[in-house]
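Biologist: Could you walk me through this model and its ligand site? I would like the cut-offs along with the values.

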Amino acid sequence: MNICFIASECDPLVKVGGLGDVVHSLTKELINLGHNVSVILPFYKTIRSNVVFVGHKNLNLGGVYYEYDVYKTFVNNISIFLIKQSYFFDRDHIYGTPKAPYEDNYLRFAFFSLASLELLSNICEIPDIIHIHDWHTAIVPVYKDLYYPNLKYVASVLTIHNVAFQGLFPSHILPSIGIPWEMFHKDDLEFYGNVNFLKGGIVYSDVITTVSKTHAEEIQTTMGFGLEGVLREKRYVFGILNGIDTEIWNPGTDKNVYINYDVNSFSSKKPQNKLYIKELFGLNTEEDRPLIVFIARLAKQKGLDLIDLAIDDAVKLGYDFIFLGSGDYYYQGKVLDMVRRNMNYVAARIEYNDSLSRKLYAGADMFLMPSEYEPCGIAQMIAMRYGAVPIVHKTGGLADTVTDYYQNKSQSTGFSFEDYIYKDLLYAFARAMIVYKDKEEWIKLTKRAMEQDFSWKRSVQEYLKIYKTAKLIRMH
Ligand code: ADP
């Protein structure tokens, strides 16, 4: 099959969160199975890669002509097209500063979406499937049906990685993105008086997927952030669990890890990794205190309000903590305040640092992810592979990937709590401590977590089925 991914992130060229991981690793897996896959990305200022010039073009978007260049590069056998438009993408950040998203994001991503279709229509081989991701490229099928009759039989699949971000803008932007006013109504792009890019993607795509089975239910019932009804009306909404690239995420070969280990050697080697990162972060506490690591975008979604309420008691229970994250100023402040209150037991770095994150996964006894909601979550899967036992809020993909020790001991891979309240998190800390103190049990639990298969093998087959379904729908 000939598949084109149009996305705003693709690791390792650009990654802000799990979206970047998924676009890269799913593409790689499809290529391994013999499919013809390409990716189209904006050429952000931060992208470093050997590129080949493809062509200089210009594009009419809402009556304004924008000049741009197309480049091509290869990463792990994936051919990636890069759309270079300096005004839109030569910026220090991807989506916005820590204070706020860029105000012209609607124009940046409408431009990128249209330029991607131009590329498919005029330069590349026409694909069978366009696979788009989140609100940034959700408008692609809208433009496709409006302006590209030659792409009529190309099916589109929209994957919703985070339904909370919808690309919501005031209606007056419509002319500037070349969308006629007739499309501003409730069965189309209109959403409570605004324009909603993600809703456009839902209405115009052939199939919708999200990144776990539980979350596919949630977005149609309780957690669709206003889009529940639109999603329910769509017949084809599926949940497919993300995988991780088990070659890239492998504690046995990861060059960033201080001392490599595997499922047979972790119990003797993990403690050395733990000591190493404790020294790195200046934590000079007793060896037998369990170390909890938190690695995430610093955003409300990630449960920092709960952690803030529970952490002082957790330190008294006997835990140490390390935080690695970047994001909202407000939550940066919260993390630093937790450190200030518990100087000897809590440490943090406010930055995005892939290499450091790997050292932390390797050194942690436990991994904390009490997200308010979590469509899938990649970090808890990485943590399990690195033998850091997850403590999670039972929601979305966290519910689908972590089995609680006290609910099903023989299958358990971590600890989860049901209600999003800090007392339940604290109770989970207490329950985890009891098991941690029983060394034999702890080793068994860690081993089970490490042995989980989170590779893409199963999920990629589900995507292939969905591509076939989307093609059939498009043809009829
Ligand atoms: P989301 O997509 O909501 O950000 P996921 O758990 O799906 O959350 O994916 C997060 C990914 O980003 C993981 O690979 C995690 O290791 C990585 N990550 C998050 N914050 C950082 C950071 N500060 N430094 C390095 N990696 C990070």
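Predicted model: local features only at pLDDT ≥ 70, side-chain atom pairs only at ≥ 80, totals over all residues.

Biologist: Which residues come nearest to the ligand?
Modeller: A residue is near a molecule if one of its heavy atoms lies within 4 Å of it. There are 22 residues around the ligand, and those that come nearest are G18, R297, K302, E351 and Y361.

Biologist: How far is the polar side-chain atom of R297 from an oxygen atom of the ligand?
Modeller: Polar contacts here are pairs of N or O atoms within 3.5 Å; within protein, one must be able to donate a hydrogen and the other to accept it, and residues adjacent in sequence count only if both atoms are side-chain atoms. K15 places a polar side-chain atom 3.0 Å from a ligand oxygen. For R297, the distance from such an atom to an oxygen of the ligand is 2.7 Å.

Biologist: What share of the ligand's area does the protein bury?
Modeller: A backbone N or O atom of N353 also lies 3.0 Å from a ligand nitrogen. Areas come from the Shrake-Rupley method with a 1.4 Å probe; for residues, only the protein chains shown count as cover. Taken alone, the ligand exposes 570 Å², and the share buried by the protein is 94%.

Biologist: How many disulfides does the count come to?
Modeller: A disulfide is a pair of cysteine sulfur atoms within 2.5 Å. The sulfur of C376 is 17 Å from the closest cysteine sulfur, in C10, which is too far for a bond. By this rule, the count of disulfides is 0. C4 is in none, as the nearest cysteine sulfur, that of C124, lies at 6.6 Å.

Biologist: Is K234 buried or exposed?
Modeller: Buried means under 20% relative accessible area, exposed over 50%, and partly exposed in between (1.4 Å probe, protein chains only). K234 has a relative accessibility of 17%, so the label is buried.

Key: Residues numbered from 1 in each chain as written. Heavy atoms only, no water.
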